[in-house]
Amino acid sequence: MDFVLKKELENSNLTYVDLITVKNTSELRKKTDSKKGLAVIRGGDDEINRASLENKKTDILLGPEFNREKDFVHFRNSGLNQVLCALANKNETAIGFSFSDLLNCKSKERVLGRMMQNVFLCRKYKVKIVLGSFALKESELKNRSELISFGSVLGMNGKEIKDALNFKK
């Protein structure tokens with residue numbers, strides 16, 4: 001099952017999700033409390049990433065690796081760490097990786113490296129992973145085999161890719 005962010009693209013194989021984008025934590029709480037269906041939150045800022053992973057109503061944190069300034073000297077600034085992964089595991093929140101975000105970003109190599117580090121952390125701390133195109137336009141839609149290749153590039157094995165593509169809450 002793949003996810004799309006535009007209602008018109010929804011069909012039997014594609015699930016429409018309403019992406020929650022917030023600027024602060026109080027806005028996040030208000031939007032997740034009133035949310036029905038999958039609560040998919042756009043990550044990025046450290047404060048938003050932490051608040052969304054602490055919130056038990058969050059189903060998927062999408063793109064915690066975005067809106068990062070610079071990488072650190074010895075490791076990448078990927079938006080996740082061991083504390084956030086432990087919170088995600090405890091609250092059963094999945095980390096989402098969007099193919100269309102990777103297509104539309106400026107520094108693909110930097111974002112891809114951050115995604116790879118996040119996959120490593122998710123595997124280590126047993127956090128669920130979601131792979132999807134999360135498309136806004138029809139041209140951004142990707143078929144299952146392309147998403148399998150995307151998961152493989154991120155360093156996922158066959159079972160992890162299968163579980164990530166068949167996400168159920």
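How many aromatic pairs does the structure hold? It holds two aromatic pairs. This is a predicted model: local features need pLDDT of at least 70, side-chain atom pairs count only at pLDDT 80 or more, and totals for chains, interfaces and linings use all residues. Residues are numbered from 1 along each chain as its sequence is written, and side-chain values use heavy atoms, with hydrogens and water left out.

**View 1. Phe3 and Phe134 form an aromatic pair that is stacked.** Rings of Phe, Tyr and Trp (its six-membered ring) pair if their centres lie within 6.5 Å; planes under 30 degrees apart count as stacked, over 60 as edge-to-face and the rest as tilted. The ring centres of Phe3 and Phe134 are 5.3 Å apart and their planes stand at 15°, so the pair is stacked. Phe3 lies in strand β1 (residues 2-4), and Phe134 in the loop between β7 (129-132) and α6 (144-153). The pair therefore ties together parts that are 131 residues apart in sequence. Helices (H or I, at least four residues) and strands (E, at least two) are DSSP runs, numbered from the N terminus. Phe3 counts as buried, at 2% relative accessibility. Phe134 is buried too, with a relative accessible area of 1%. Buried means under 20% relative accessible area, exposed over 50%, and partly exposed in between (1.4 Å probe, protein chains only).

**View 2. Phe99 and Phe150 form an edge-to-face pair.** Their ring centres are 5.0 Å apart and their planes stand at 85°, so the pair is edge-to-face. Phe99 lies in helix α4 (residues 99-104) and Phe150 in helix α6. This pair ties together parts that are 51 residues apart in sequence. Both Phe99 and Phe150 are buried.

**View 3. Ser100 sits in helix α4.** Ser100 is buried, with a relative accessible area of 3%. Leaving aside residues up to four places away in sequence, Ser100 touches Ser133, Phe134, Ala135 and Glu140. Contact means heavy atoms within 4.5 Å.

**View 4. Five strands form an open sheet.** Their order is β3-β4-β5-β6-β7, and the pairing is parallel. β3 (19-20) and β7 stand at the edges, each with a single partner strand, so one side of each is left without a neighbour in the sheet. Two strands pair if DSSP finds at least two bridges between them. Three bridges join β4 to β5, and Arg42 stands opposite Leu62 in β5. Helix α6 packs on the sheet and touches β6 and β7. The direction of α6 makes about 135° with that of β7. Axes are lines fitted to C-alpha atoms, for helices over the stretch in contact, and angles run from 0 to 180 degrees between N-to-C directions.

**View 5. Strand β7 pairs with β6.** The two strands pair in the parallel sense over four bridges. Gly96 stands opposite Val130 in β7. Ile129 and Leu131 point one way from β7, while Val130 and Gly132 point the other way. All of these β7 residues are buried.

**View 6. Helix α2 (residues 46-54) has buried residues.** They are Ile48, Asn49, Ala51, Ser52 and Leu53. Their cover includes α1 (25-33), β4 (40-42), β5 (60-62), α3 (82-90) and β6 (94-98). At the start of α2, a side-chain oxygen of Asp45 reaches to within 2.7 Å of the backbone nitrogen of Glu47.

**View 7. The structure holds zero disulfides.** A disulfide is a pair of cysteine sulfur atoms within 2.5 Å. For Cys105, the nearest cysteine sulfur is that of Cys122, 18 Å away. Cys105 is buried, with a relative accessible area of 13%. The sulfur of Cys122 is 4.9 Å from the closest cysteine sulfur, in Cys85, too far for a bond. Cys122 counts as buried, at 1% relative accessibility.

**View 8. Lys126 has a positive phi although it is not a glycine.** The phi of Lys126 is about 55°. Lys126 lies in the loop between α5 (108-124) and β7. At 64% relative accessibility, Lys126 counts as exposed. Glu92, also not a glycine, has a positive phi of about 55°. Glu92 is found in the loop between α3 and β6.

Methods. Polar contact = N/O pair within 3.5 Å; in protein donor to acceptor, adjacent residues only side chain to side chain.
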